[in-house]
Amino acid sequence: MFALPLTEDVELRPLEPWRAEEFLAHLDRAREHIRPWVSPSFVATELPSARAVLQRYADRWADDAGGIWGLWWRGTLVGGVMLVSFDVALGVCEVGCWVEPAAQGRGIVAPAVRTIVDWAVRERGIHRVEWRTNARNARSRALAGRLGLRLDGTLRQLYPSPDGRIDLEVWSVLADEWLAPPSAPAPTVH
Ligand SMILES: CC(C)(COP(=O)(O)OP(=O)(O)OC[C@H]1O[C@@H](n2cnc3c(N)ncnc32)[C@H](O)[C@@H]1OP(=O)(O)O)[C@@H](O)C(=O)NCCC(=O)NCCS
């Protein structure tokens, strides 16, 4: 019902359980692309499990503990952003994101992430925003860097995977860093 226009073609909307069919159709286009990089429980393959993913996020939203929003590109759900965790008492949250292949490389994810980070920091007083990524996920690392997050460190060989154990990188941005005006270019010395 509510939509936030991000660009002429892209809208950010709540991704609620009633949208499970649309979400599953989108996952059918995204599944193989995102599977190596997201939690297995997110990559639903049937309607009940797709609905369960959205219901989990709806429950987190109701508990003030997370949330999920979809990206609609020219009316089609092509990806989204989420607050994987959200803890106002601690002042810490974790953001995540994904897009299907046709929508990747178009610069539509970054403004959506900025929108939820802005809300978390400015409206909810979150102090530390985290981004956790497989160290092999070059696009995710590049996006974190473009958004102004810094690499805190690497949890080495944290998870087993068919391709060997996974190094997990933890990136973050702190509220004062997020809110700081972009630094002016250094003055030219004549
Ligand atoms: C991680 C992921 C969301 C990044 O998506 P993305 O499209 O690269 O991210 P952005 O929205 O920032 O777009 C940046 C790209 O759009 C291009 N672009 C095109 N028009 C643009 C514009 N107007 N503004 C900014 N960038 C633009 C940029 O050049 C860049 O592409 P490049 O890296 O090939 O040069 C995506 O790769 C993905 O879904 N991966 C699988 C799931 C995943 O890894 N999720 C994260 C888990 S931690």
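1. Arg 74 has a relative accessible area of 62% and is therefore exposed; the classes are buried for under 20% relative accessible area, exposed for over 50%, and partly exposed in between, with a 1.4 Å probe and protein chains only. Arg 74 belongs to the loop between β3 (67-73) and β4 (76-87). Its phi is near 50°, a positive value in a residue other than glycine.

2. On the basis of these notes: this is a predicted model, in which local features need pLDDT of at least 70, side-chain atom pairs count only at pLDDT 80 or more, and totals for chains, interfaces and linings use all residues. Residues are numbered from 1 along each chain as its sequence is written, and side-chain values use heavy atoms, with hydrogens and water left out.

3. A positive phi near 50° also occurs at Gln 157, again a residue other than glycine. Gln 157 is in strand β7 (residues 150-159). Helices (H or I, at least four residues) and strands (E, at least two) are DSSP runs, numbered from the N terminus.

4. How do helices α1 and α2 pack? Helix α1 (residues 20-34) and helix α2 (residues 47-62) have axes 9 Å apart, at an angle of about 105°. Axes are lines fitted to C-alpha atoms, for helices over the stretch in contact, and angles run from 0 to 180 degrees between N-to-C directions. The two helices are therefore roughly perpendicular to each other; angles of 65 to 115 degrees count as such, under 35 as roughly parallel, over 145 as roughly antiparallel and the rest as oblique.

5. On the α1 side of this contact (heavy atoms within 4.5 Å) are Ala 20, Glu 21, Phe 23 and Leu 24, and on the α2 side Leu 47, Ala 50, Arg 51, Val 53 and Leu 54. By class, the contact has seven nonpolar, no polar and two charged residues. Here Ala, Val, Leu, Ile, Met, Phe, Trp, Tyr, Cys and Pro count as nonpolar, Asp, Glu, Lys and Arg as charged, and the others, Gly among them, as polar.

6. Ser 41 lies in the loop between α1 and α2 and, at 46% relative accessibility, counts as partly exposed. Leaving aside neighbours within four places in sequence, Ser 41 contacts Val 53 and Arg 56. Ser 41 and Ala 52 are eleven residues apart in sequence, with their C-alpha atoms 9.5 Å apart.

7. Rings of Phe, Tyr and Trp (its six-membered ring) pair if their centres lie within 6.5 Å; planes under 30 degrees apart count as stacked, over 60 as edge-to-face and the rest as tilted. By this rule there are five aromatic pairs. Phe 23 and Phe 42 have ring centres 5.7 Å apart and planes at 70°, so this pair is edge-to-face. Phe 23 is in helix α1 and Phe 42 in the loop between α1 and α2, so the pair ties together parts 19 residues apart in sequence.

8. Phe 42, buried at 5% relative accessible area, also forms an edge-to-face pair with Trp 98, at 4.9 Å centre to centre and 70° between the planes. Trp 98 is in strand β5 (residues 92-99), so this pair with the loop residue Phe 42 ties together parts 56 residues apart in sequence. Trp 98 is buried as well, and Phe 23 counts as buried at 0% relative accessibility.

9. Trp 61, Trp 69, Phe 86 and Trp 119 form one aromatic cluster.
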